[in-house]
Amino acid sequence: MPLALRLAFRISITILMKTPGYFFTIIMVLAGPYVYGQGKLEGKIIDSEDPAEAGLAGANIFWAGTNTGTTTNAAGHFTIKKLRGADRLVISFVGYSTDTLQIQPDEEYITHSLSQNNEIPEVVITGRASGTYISKLEPVLTFNITSAELCKAACCNLSESFETNASVDVNYSDASTGAKQIQLLGLAGSYTQILSENIPSVYGLNTAYGLNYIPGPWMESIQVSKGTSSVRNGYESIAGQINVEYKKPSTSEKFYMNGFISNAGRKEVNANASLLLSNRLSTMVMAHAEPQRNCNDHNHDGFRDEPDIRQYNFLNRWDYMTERLTFRAGIKVLEEERTGGQFTFHEGNQDTWSDGFGIKINTRRLEGFTKLGGVFSENNSMSIGWIQNFNYHDQDSWFGEREYSGLQKAYYSNLLYQWNPGLGKHSFDAGFSYKYDRYDEALSQISFGRKESVPGLFAQYTYTDSARITAIAGIRTDFHNLYGTLVTPRIHLRYVINDQLTLRASAGKGFRSGNVLAENSFLLASSRSINIPDNLDIEEAWNTGMSLIGTIPYGEKTLRLSAEVFRTSFLRQIITDLDAGTDEVKFYNLDGKSYSNIFQIEASSMIFEGFDLLAAWRWNDVKMTIDGLLREKPLASRYKGLLTASWLTHLRKWQFDYTLQLNGPGRIPSTASNPEHYRMAESFDPYTVMNAQVTYNFRKWNVYIGSENLTDFRQPHPIIASDDPFGEYFDSGLIWGPVHGRKIYAGFRVFFNRDV
């Protein structure tokens with residue numbers, strides 16, 4: 001191992017083992033690895049025995065003798081940069097024979113079929129693309145979730161895309177508004193940077209409901225990265241990053257439609273269609289309609305378990321690509337109405353509390369983006385990309401007698417440059433970003449707002465030694481108009497110990513500007529008083545982590561194992577204090593310790609033909625200083641166990657999917673000062689949730705039926721004082737488990753794939 005790399009590795013281990021306040025001495029130069037158009041080779045990888053040619057998701061593709069590689073997307077398509085002097089393309093996938101192809105200089109598109117690795121005469125080994133896999137080439141621990149995985153459950157939007165994932169938890173934040181919150185590394189979703197095609201998408205005023213604004217059938221794949229991510233995407237990533245890739249016009253189906261209905265009153269229709277106008281220009285439209293009415297009241301407290309929802313969502317995108325240039329643009333329009341609260345409340349009442357406690361949330365949202373990228377220099381060693389995005393978010397709402405409105409106008413720009421001299425071991429990235437957010441909010445006729453203007457510079461150096469070693473060191477400096485200069489150093493290491501074992505390590509800092517009221521708007525559905533002080537600081541934390549990924553061959557099968565440990569230490573944090581009293585919620589700056597320690601192990605394998613099994617266990621140690629005491633994070637489980645089983649029959653006609661989640665115990669903020677009949681216990685016990693789905697596949701369509709929460713487990717009495725919602729003890733925000741009962745659903749998918 002080169003001396004410089006050994007030194008970098010020792011520095012990173014020192015950072016992991018000691019205090020995360022070590023200063024990074026990093027020499028950086030120019031950056032920007034977002035390359036949208038290059039001298040490139042495109043293609044599709046399929047199973048040689050699949051008559052439908054559906055494509056293999058997650059197949060590995062790289063140029064022989066180099067570290068340049070990629071993986072196929074959910075439809076089996078790939079794009080890889082051409083390299084001078086490299087003409088042998090290696091294609092591999094677990095369970096299939098590895099092929100090496102000779103690529104001619106003028107070839108731009110290939111279709112190749114992999115043969116199943118049948119070494120024993122008269123024994124057929126059926127290959128099956130893994131729905132979730134860890135990227136082999138990424139130095140950051142990244143889980144790729146493909147459309148094959150998303151189809152294993154009722155994935156109607158992003159918030160429902162992690163039912164079979166051990167790393168991401170999704171829970172209701174309250175028992176009345178339907179807002180959902182993710183958790184990664186034991187921390188609230190606000191500490192995870194959520195992107196759509198590397199553009200910030202869920203933050204600010206849409207934090208509470210933004211996960212519902214990304215329909216599942218629109219998604220091509222999801223990448224979940226743990227720990228601080230690359231400095232290219234900003235300073236916000238603290239716990240990790242979730243990036244959603246939408247379907248692309250050139251690689252998606254010609255036409256796709258999904259219909260969904262459940263016994264909870266939910267109906268959905270999703271559709272997308274793409275058109276290739278020429279060999280350079282293509283376009284695509286996506287549509288989503290969701291009317292949810294007549295929700296249930298399983299616990300008979302007079303409140304809807306989930307709100308009635310009416311949502312319309314539309315996206316149109318355009319792609320223009322040449323050999324050296326790519327331009328992409330799109331616009332997205334959304335309108336949503338949520339109606340919750342008591343069944344005695346009727347939509348349209350001007351006096352919202354005369355006939356019952358009502359919740360009404362009206363949202364209008366407009367987004368637009370452009371992406372421009374190209375390569376230059378004779379050997380394609382330099383590239384440049386420019387991303388722009390704007391969004392307009394307008395929300396009017398009331399919660400009983402409280403009225404809340406918010407308006408956010410945002411602009412995001414990221415200019416990126418990359419240089420890989422000689423297409424060798426060293427590459428340099430640099431760029432300039434600008435982020436602007438204007439917030440205008442009002443609570444019960446008290447107006448407040450702010451403007452955030454943040455220009456920033458970043459640089460990153462990447463060292464690669466064939467496909468065995470990758471070391472990335474990056475730093476960015478942002479100039480925040482409210483919080484001053486923010487310096488964000490980050491380092492990532494990937495070392496392939498042998499063909500079966502890969503070690504990753506990372507360390508870095510992240511910042512986050514809090515949107516206290518928008519992120520906690522569900523607390524308005526309670527009698528708690530809410531006072532937001534003016535001196536709340538920006539949040540700041542160090543994150544360090546290490547993971548070990550391995551494979552163990554046994555017979556004709558492979559056991560995939562992973563173990564990971566992450567620690568997040570906060571230097572500055574906004575504390576949401578529900579322990580101070582049942583009549584108030586306090587927000588204040590951290591005064592003391594706050595940390596999250598996470599340890600997770602996972603194992604998966606194909607047990608027999610077509611049958612995949614995954615088991616995972618995660619331990620959470622999450623504590624923060626609340627009201628002067630170091631306490632366990634409230635309403636969060638101390639551990640989580642996950643078991644998923646998926647069986648695709650030999651002829652690929654039937655698919656059976658089952659998920660078992662074991663959620664550990666946790667702490668509940670004290671309600672001891674309430675009258676006895678309005679109190680909750682001080683903690684909750686472990687509980688399980690089971691989901692199952694059966695799918696029958698035809699050539700051009702499939703049908704499915706399933707159930708969520710098979711055992712009908714529900715948190716008892718999720719709403720305190722539901723019989724007196726305008727009284728002093730009413731509270732719907734102490735939620736730790738499911739608030740809805742068993743759901744039965746059914747649906748269909750129709751797809752016409754593009755001819756290759």
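Visitor: In which strand does Phe 479 lie?

Guide: Phe 479 belongs to strand β27, which covers residues 469-480. Please bear in mind that this is a predicted model.

Visitor: Which residues make the nonpolar surface patch?

Guide: Phe 479 is one of them, and the others are Tyr 320, Leu 325, Phe 327, Leu 372, Phe 376, Ile 384, Trp 386, Leu 415, Phe 432 and Leu 457. The patch amounts to about 920 Å². At least two of its residues come from each of the strands β21 (325-341), β22 (358-376) and β23 (382-399).

Visitor: What is to be expected of nonpolar side chains in general?

Guide: In soluble globular proteins, they tend to be buried together. In this model, the largest nonpolar core has 46 residues. Those with the most contacts inside this core are Tyr 209, Phe 399, Tyr 404, Leu 523, Leu 524 and Phe 587.

Visitor: Which elements give two or more residues to this core?

Guide: They are β22, β24 (402-419), β25 (426-443), α3 (516-519), β34 (584-589) and β42 (687-697). The most is given by α3, with 3 residues.

Visitor: With which residues is Phe 399 in contact, leaving aside its neighbours within four places in sequence?

Guide: Among them are Tyr 209, Tyr 404 and Leu 524, together with Thr 177, Phe 357, Ile 361 and Ala 525. There is also a second, separate core of 40 residues, including Tyr 191, Ile 238, Leu 315 and Ile 626.

Visitor: Where is the place of Cys 155, and is this residue buried or exposed?

Guide: Cys 155 sits in the loop between α2 (147-150) and β10 (168-172). Its relative accessibility is 11%, so Cys 155 counts as buried. Not counting residues up to four places away in sequence, Cys 155 touches Leu 150, Glu 160, Ser 161, Gly 216, Pro 217 and Met 219. The C-alpha atoms of Cys 155 and Pro 215 are separated by 8.1 Å, with the two residues 60 apart along the chain.

Visitor: What pLDDT does the protein chain average?

Guide: The average is 87, and 90% of the residues score at least 70. Over residues 1-38, the pLDDT is below 50, although this stretch has 99 contacts in the model beyond near neighbours in sequence. Residues 118-127 also have a pLDDT below 50, and this stretch has 19 such contacts.

Key
Residues numbered from 1 in each chain as written. Predicted model: local features only at pLDDT ≥ 70, side-chain atom pairs only at ≥ 80, totals over all residues. Heavy atoms only, no water. pLDDT = per-residue confidence, 0-100. Contact = heavy atoms within 4.5 Å. Patch = residues over 30% accessible without salt bridge, like charges linked within 9 Å, V, L, I, M, F, W, Y side chains within 5 Å. Areas by Shrake-Rupley, 256 points an atom, 1.4 Å probe, with all protein chains shown as cover. Salt bridge = Lys/Arg side-chain N within 4 Å of Asp/Glu carboxyl O. Helix = DSSP H or I, 4+ residues; strand = E, 2+ residues; numbered from the N terminus. Buried < 20%, exposed > 50% of the residue type's maximum accessible area, 1.4 Å probe, protein only. Core = buried A, V, L, I, M, F, W, Y, C linked by side-chain atoms within 4.5 Å.
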